[in-house]
Amino acid sequence: MKNKFIIGRYLPLDSMIHNLDPRAKLSFVFFYIILVFFCHNFAMYGWMLLILLILMYCSKIKLFYLLKGLTPILFFLIFTFLMHLFLTKGGTVLFQWKFISIETGGIIEGIYICCRLMFIMMISTIMTLTTSPIALTDAFDKILAPLRYVKIPVQQLSMMMSIALRFIPTLMEELDKIILAQKSRGSEISSGTIGQRIKAFIPLLIPLFISAFQRAEDLAIAMEVRGYDVKAKRTSYRKLKWHWKDTLLIFLLIPIAVVLFALKNIGV
């Protein structure tokens, strides 16, 4: 389980994307996600997929590795597609049985929404794979620094985000240990029907939640012992440096958006 789940994990590679300023990457991802929500035909989704493939090539991340790491959200994507398949109406009726009907509008809308969610997860995962949690926290703190003037606790939010990102791989490792412990006791988790597998995963949640709360309590005690003060004004040991390539990354959003809206009236 822990080897398959890559969300929140960092790969310390030497690539063009790794060497970019985390503020530039965070801004690019934010505007990329906004542009994804404007896609409403296959040509536009194809263009955004091409951008993803280019980013993966520049970051030395293999497509198979990325898709394999996102398999835990496959059930959510299938559920989303089925919801649109049976509830979204429009277009030609392909199947009709009593009150259940499948129409082309539901199929197309389901594909669009699944692609949208998949692209958002992929671009976010590329960012976390190429940016350390500490650098990402610093970028988040610097970008949202103006919000301090309206009494928004930016430093506390950055700390919460950093802890959450660090907890994801830890909880996946803990879940892997619980699964191995259950299998050693004869529990059938990786076999049987989908319903049986879901039912077998329910007993895993209680020890996982207990472990998560215990780790959170240990972390809180450790921070308190070290004198962590929420209201203290902090300085940064790591200095972020903005280079010309970071500016170029932001300006690349302009041609990406121009081509995207040029494809607006092309395709389905």
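How are α2 and α10 oriented relative to each other? The report takes up that question after a short account of the model.

## The model and its overall make-up

This is a predicted model, in which local features need pLDDT of at least 70 and side-chain atom pairs count only at pLDDT 80 or more, while totals for chains, interfaces and linings use all residues. Residues are numbered from 1 along each chain as its sequence is written, and side-chain values use heavy atoms, with hydrogens and water left out.

The chain contains ten helices and two strands, where helices (H or I, at least four residues) and strands (E, at least two) are DSSP runs numbered from the N terminus. Along the sequence these elements follow the pattern α-α-α-α-β-β-α-α-α-α-α-α. Of the 268 residues of the chain, 34% count as buried; here buried means under 20% relative accessible area, exposed means over 50%, and partly exposed covers what lies in between (1.4 Å probe, protein chains only). Among contacts between residues at least 6 apart in sequence, 73% join residues at least 24 apart, a contact being heavy atoms within 4.5 Å.

## Helix α10 and its partner α2

Two packed helices are described by the angle between their axes and the distance between the axes. For α2 and α10, the axes come within 9 Å and cross at roughly 155 degrees; such axes are lines fitted to C-alpha atoms, for helices over the stretch in contact, and the angles run from 0 to 180 degrees between N-to-C directions. The two helices α2 and α10 are therefore roughly antiparallel to each other, given that angles under 35 degrees count as roughly parallel, over 145 as roughly antiparallel, 65 to 115 as roughly perpendicular and the rest as oblique. The contact is made by M44, W47, M48 and I51 of α2 together with P255, I256, V259 and L260 of α10. By class, this contact of α2 with α10 has eight nonpolar, no polar and no charged residues, where Ala, Val, Leu, Ile, Met, Phe, Trp, Tyr, Cys and Pro count as nonpolar, Asp, Glu, Lys and Arg as charged, and the others, Gly among them, as polar.

Within α10, which spans residues 253–262, the residues L253, I256, A257 and L260 are buried. Seen down the axis of α10, these buried residues fall within an arc of 95 degrees, so they line one face of the helix; the arc is that of the directions from the helix axis to the C-beta atoms. On the other side of α10, I254, V258 and A262 are exposed. The cover over the buried residues of α10 includes α1 (22–36), α2 (42–58) and α9 (244–251).

## Helix α1 between α5 and α6

Helix α1 also has contacts with α5 and with α6. The axes of α1 and α5 (residues 104–130) come within 10 Å and cross at roughly 175 degrees, which makes α1 roughly antiparallel to α5. On the α1 side the contact involves K25, L26, F28, V29, Y32, I33 and V36, which meet R116, F119, I120, I123, S124, M127 and T130 in α5. The residues of this contact of α1 with α5 divide into ten nonpolar, two polar and two charged.

With α6, by contrast, the axis of α1 comes within 8 Å and crosses at roughly 75 degrees, and α1 and α6 are therefore roughly perpendicular to each other. Here P22, R23, L26 and S27 in α1 meet A135, L136, A139, F140, K142 and I143 in α6, and by class the contact of α1 with α6 has seven nonpolar, one polar and two charged residues.

## Individual residues

In the loop between α1 and α2 lies F38, which counts as partly exposed at 44% relative accessibility. Leaving aside neighbours within four places in sequence, F38 is in contact with M44 and F261. Although F38 and K264 are 226 residues apart in sequence, they are 9.0 Å apart in space, C-alpha to C-alpha. K60 belongs to the loop between α2 and α3 (63–69) and is exposed, with a relative accessible area of 54%; its phi is near 60 degrees, a positive value in a residue other than glycine.

D141 is found in helix α6 (residues 133–143) and is buried, with a relative accessible area of 15%. Not counting residues up to four places away in sequence, D141 touches R148, V154, Q155 and S158. Of these, Q155 is found in helix α7 (residues 154–184) and is partly exposed, with a relative accessible area of 22%.
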